[in-house]
Amino acid sequence: MSSGIVGMMLGASLFLGGIALVAFLWGLKSGQFDDEEKFLNAVQFDNDEDYRSAVEAEKKKQKLRAKKQAKEKNYKPE
Amino acid sequence: MSEKKKIACDHCHLEFSEDVMIKDGDHYFCCNGCQGVFHLLSDEGLDSFYEKTKNVKLAPPTQQFEDSKNFDSPAFYDKFVKTDEEGFSRVALVIEGIHCSACVWLNEKALSKMEGVIEANINYTNNKATIVWDDDIVKLSQIVDMIRAIGYNAFPYDPSIQEERANKERKDYYLRMAVAIFATMNIMWVAVAQYAGYFTGIKQDMKTILNIAEWVLATPVLFYSGWIFFRGAYYGLKTKSINMDILVATGATLTYIYSIYITITQSGEAYFDSVSMIITFVLVGKFLEVLSKKSVADALDIMGKDIPNEVQVLKNGETVATKLSEVEVGDIVLVSSGQKALFDGEIVKGEGSFDESSLTGESEPIYKKIGDTVISATVSIDADVQVRVSKDFEHSTLAHLTNLLEESLNKKPRIQQLANKLSEYFSATILTLSVLTFIAWYFSGHSFDRSFMVAIAVIIIACPCALALATPVATLVGLGIAAKRGILFKEAAQLETMAKSDVLLLDKTGTLTQGKPQVVATKRFKEFDEDILASLTKLSNHPIAKGVFNSLELEDFKEVCFTSFKQHPAMGIEAHLGEHRYLGGNKKLLKYFGVDVDYESERSLFFFAVDNEVVTVFELEDVIKEDAKEAIDAIKKRGIEPVMLTGDHKNIAKKVADELGIERYYYELSPEHKAAFVEDMHKQKKIVVMVGDGVNDILALSQADIGIVMGSGSDIAIEVGDVVLLDDSLQSLVQSFKIASTTYRLIKENLLLSLIYNAITIPLAMAGYVIPLVAAISMSLSSLLVVGNSVRIKFSWKKG
């Protein structure tokens with residue numbers, strides 16, 4: 001086995017592992033592991049409808065945020 | 001008619017007979033509340049809630065709600081609502097009435113569907129909700145109305161900044177540990193290949209590839225996970241003390257630089273695995289310490305928690321809700337029964353009893369009438385009074401107490417831990433030794449490479465992994481053993497402090513005694529209906545009446561409804577049933593009604609008279625806890641001196657102290673006196689443990705090296721205390737001393753183990769007999785040794 005192949009294999013596996021680590025860190029940071037009960041219980045109610053409403057909620061949030069920012073800009077004296 | 005058919009309500013699923021149910025189409029409801037919620041949910045498209053609950057029984061929604069407009073008051077916003085950086089409002093509420101996970105789902109859904117609500121997040125474990133909304137679109141009162149409309153209720157809750165900060169710190173450690181552990185585990189795999197290559201031969205180019213892979217992995221560990229050590233080292237240097245962080249940081253960095261040099265020049269062995277292992281091990285040890293640390297200021301938050309932000313002030317014959325800071329001297333403030341007095345002043349109207357236990361520790365209520373002074377921080381039991389304010393809030397007794405508490409929490413001495421003391425010397429010694437080793441080797445004619453490698457080996461082998469783990473692992477074992485016995489230590493370091501203590505201060509009421517009067521003797525003059533006495537005493541909140549009620553052995557208690565009932569403050573209760581008049585209370589009450597009684601006792605007396613004839617008398621006394629004597633003896637045997645401090649009178653104090661064999665006791669002490677006593681002890685260089693339960697003990701508890709609180713004690717005391725005895729027993733107190741000293745012994749053993757290990761290996765490393773590779777392996781062995789020793793103790797406790 002040449003050292004190049006070993007290097008490639010190491011690189012590929014570390015890259016994949018790195019993706020998993022980043023995903024885990026993201027989950028940790030965004031508070032998905034904060035409530036262990038939720039972790040277990042919320043799964044029961046996971047369905048399409050909830051998924052849709054989660055997307056809608058996200059949209060609503062962004063809309064409100066944009067509105068707020070626009071408003072704040074208007075407040076500023078030119 | 002036989003058994004009526006029972007039908008379940010379509011909302012709450014409680015079953016009732018058909019004829020009381022409200023029929024609404026195909027649905028049946030037990031009350032209007034349930035019907036309302038059911039329709040609301042189907043209108044909102046949230047009726048899939050009922051599929052999710054699967055017939056879990058809910059509480060029917062209550063309908064009498066106080067005005068939710070309170071939630072919109074500026075005072076409320078001031079205290080509970082925070083504005084985040086994006087300009088949205090944020091509040092934390094505790095939601096009442098959550099029974100199952102579907103309830104959480106429903107609340108989150110219903111709230112996030114509301115116009116203007118951005119986020120509604122409810123914790124499944126503690127039912128605390130965080131709600132974020134745009135205050136321009138929707139008001140908090142509307143949000144609360146929604147929660148109430150779907151059958152729940154909400155209370156504000158002040159998420160203390162401290163708690164938030166502690167969580168943040170913990171999360172930070174999680175992130176750093178995740179990176180460190182991930183990288184170290186992968187480095188191990190690579191290292192296996194390298195070690196195999198070391199013994200069986202490996203091509204240089206292959207070695208370089210492996211080195212580079214390790215380099216990539218070790219970099220985030222050193223600079224991201226190890227950031228904590230660099231920070232610690234920086235602060236250490238700033239305060240001119242050599243701490244363990246400096247040793248870890250320099251050791252890891254030097255090894256890292258050396259390994260990079262090896263990788264680039266393609267000569268010798270790289271030790272990236274040691275770098276990441278040192279950081280990971282010590283980081284885990286540090287994390288264990290952080291986990292068991294409590295924040296000091298939490299106690300202050302809880303003190304403020306039950307202080308409302310407004311009081312009712314009487315102005316021109318009208319009551320006006322006024323902010324605390326706006327109340328002026330001379331204003332008339334209303335205090336109703338059950339409320340805490342927030343201002344000091346004089347009663348101008350009304351009378352009743354006050355609970356002054358927060359100042360004196362005694363549960364006996366004090367009767368106050370017009371002209372008497374009310375002290376803030378005391379609680380009205382049955383008094384509805386108007387008080388003329390004599391001091392503004394900032395100068396009130398309550399504010400004074402809070403300030404004192406803050407002061408004494410800051411004054412709390414921190415006994416330096418053995419490991420910290422050791423590690424200072426240790427780190428300095430190791431760093432010097434490794435520099436000396438380098439100099440000695442270099443100047444005795446060896447190459448720079450060789451000398452540097454030996455110096456690195458000294459640092460790696462002395463890496464304080466075992467030392468760093470020695471204390472946290474031992475205390476964790478101690479905490480675990482204690483928690484299983486209902487003893488909660490809030491901070492690991494307290495175990496060590498407690499093991500070193502010399503004096504034990506004990507509060508009397510509630511700690512050595514039961515804290516509430518109990519019937520110790522009864523005398524019956526005539527037969528009577530016990531149900532009537534029970535009903536009579538049940539109506540009163542007075543501790544004496546409660547004591548009498550508890551002493552009655554009622555098998556089949558039927559509560560009697562009196563035709564009229566009256567409380568005579570500081571005397572007793574008068575009740576009428578049909579033509580009979582019943583009196584229950586002390587001698588004063590009987591005298592007041594012209595009943596002659598000839599009965600004397602030192603104890604508190606409760607007479608019961610039917611139609612002006614005394615039928616029975618109870619003698620009540622605060623009884624000493626059963627295990628108190630035994631516990632005091634056991635503590636004396638440990639060489640700790642017990643001292644009793646009480647706010648009670650001399651006679652009672654002497655009696656209790658004599659009975660328990662306590663030689664030193666002090667009586668009629670105010671909360672400040674108790675705290676001063678603790679300070680006195682500190683001046684004599686004594687380590688003080690204080691046991692108490694009440695608000696009057698908090699100053700002393702917070703100032704003592706260790707404050708132990710009974711689990712049934714007041715909230716604030718539990719918050720201030722360092723150790724909580726959940727079962728209130730003094731046996732647990734003895735146990736906690738025992739656990740503390742066992743743990744301390746374990747810490748010493750662990751430290752000794754790691755020091756012996758270092759004493760053997762460091763000279764070998766300095767002599768150049770140990771290559772860094774072997775040093776790295778033996779380093780892990782020493783850590784295992786320490787952990788193994790701690791686990792041994794755990795098992796020996798299980799047997800014993």
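Predicted model: local features only at pLDDT ≥ 70, side-chain atom pairs only at ≥ 80, totals over all residues.

Biologist: Where in chain B is the place of I460(B)?

Modeller: The residue is buried. Its place is in a helix that spans residues 448-461 of chain B. That element is helix 15.

Biologist: How far apart in space are I460(B) and M779(B)?

Modeller: In sequence, 319 residues separate I460(B) and M779(B). In space, going from C-alpha to C-alpha, the separation is 7.5 Å.

Biologist: How many residues of chain B count as buried, in percent?

Modeller: Chain B has 28 helices and 31 strands. Its accessible surface comes to about 36,900 Å², and carbon and sulfur atoms hold 55% of that. Of its 800 residues, the buried share is 51%.

Biologist: What share of the contacts in chain B with a separation of 6 or more comes from residues 24 or more positions apart?

Modeller: I460(B) and M779(B) gave us one pair 319 residues apart in sequence. For chain B, take the contacts with a separation of 6 or more. Residues 24 or more positions apart account for 66%.

Biologist: And chain A: what pattern does it follow along the sequence?

Modeller: Chain A has three helices and zero strands. It exposes about 6,200 Å², with 63% supplied by carbon and sulfur atoms. Of its 78 residues, 22% count as buried. Read along the sequence, the pattern is α-α-α.

Biologist: Which residues is L175(B) in contact with, leaving aside its neighbours within four places in sequence?

Modeller: L175(B) is found in helix 6 of chain B, residues 161-200. The cut-off for buried is under 20%. L175(B) has 8% relative accessibility, so it counts as buried. Its contacts are L25(A), L28(A), K29(A) and Y224(B).

Biologist: Is helix 7 of chain B parallel or oblique to helix 8 of chain B?

Modeller: Helix 7 (residues 204-225) and helix 8 (residues 227-238) of chain B pack with their axes 4 Å apart, at an angle of about 40°. That angle makes helix 7 of chain B, relative to helix 8 of chain B, oblique.

Biologist: How many nonpolar residues does the contact of helix 7 of chain B with helix 8 of chain B have?

Modeller: Helix 7 of chain B brings L222(B), F223(B), Y224(B) and S225(B). Helix 8 of chain B brings W227(B), I228(B) and F230(B). By class, one residue is polar, none is charged, and the nonpolar ones number six.

Biologist: Why is helix 19 of chain B largely enclosed by the rest of the structure?

Modeller: Among its buried residues are I532(B), L533(B) and L536(B). The buried residues pack against helix 20 and strands 23, 24, 25 and 26 of chain B. Helix 19 is largely enclosed because its buried residues are seven of the nine.

Biologist: Which residue caps the N-terminal end of helix 19 of chain B?

Modeller: Look for a side-chain oxygen 3.1 Å from the backbone nitrogen of D531(B). That oxygen belongs to D529(B).

Biologist: Last one. The side chain of S729(B) reaches the backbone nitrogen of which residue at 3.4 Å?

Modeller: S729(B) is in the loop between strand 31 and helix 27 of chain B. It counts as buried, at 15% relative accessibility. A polar atom of its side chain lies 3.2 Å from the backbone nitrogen of S732(B). At 3.4 Å, the residue reached is Q731(B).

Methods:
Residues numbered from 1 in each chain as written. Chains lettered and ligands numbered in written order. Heavy atoms only, no water. Helix = DSSP H or I, 4+ residues; strand = E, 2+ residues; numbered from the N terminus. Buried < 20%, exposed > 50% of the residue type's maximum accessible area, 1.4 Å probe, protein only. Areas by Shrake-Rupley, 256 points an atom, 1.4 Å probe, with all protein chains shown as cover. Axes fitted to C-alpha atoms, helices over the stretch in contact; angles between N-to-C directions. Parallel < 35°, antiparallel > 145°, perpendicular 65-115°, else oblique. Contact = heavy atoms within 4.5 Å. Nonpolar A, V, L, I, M, F, W, Y, C, P; charged D, E, K, R; others polar. Polar contact = N/O pair within 3.5 Å; in protein donor to acceptor, adjacent residues only side chain to side chain.
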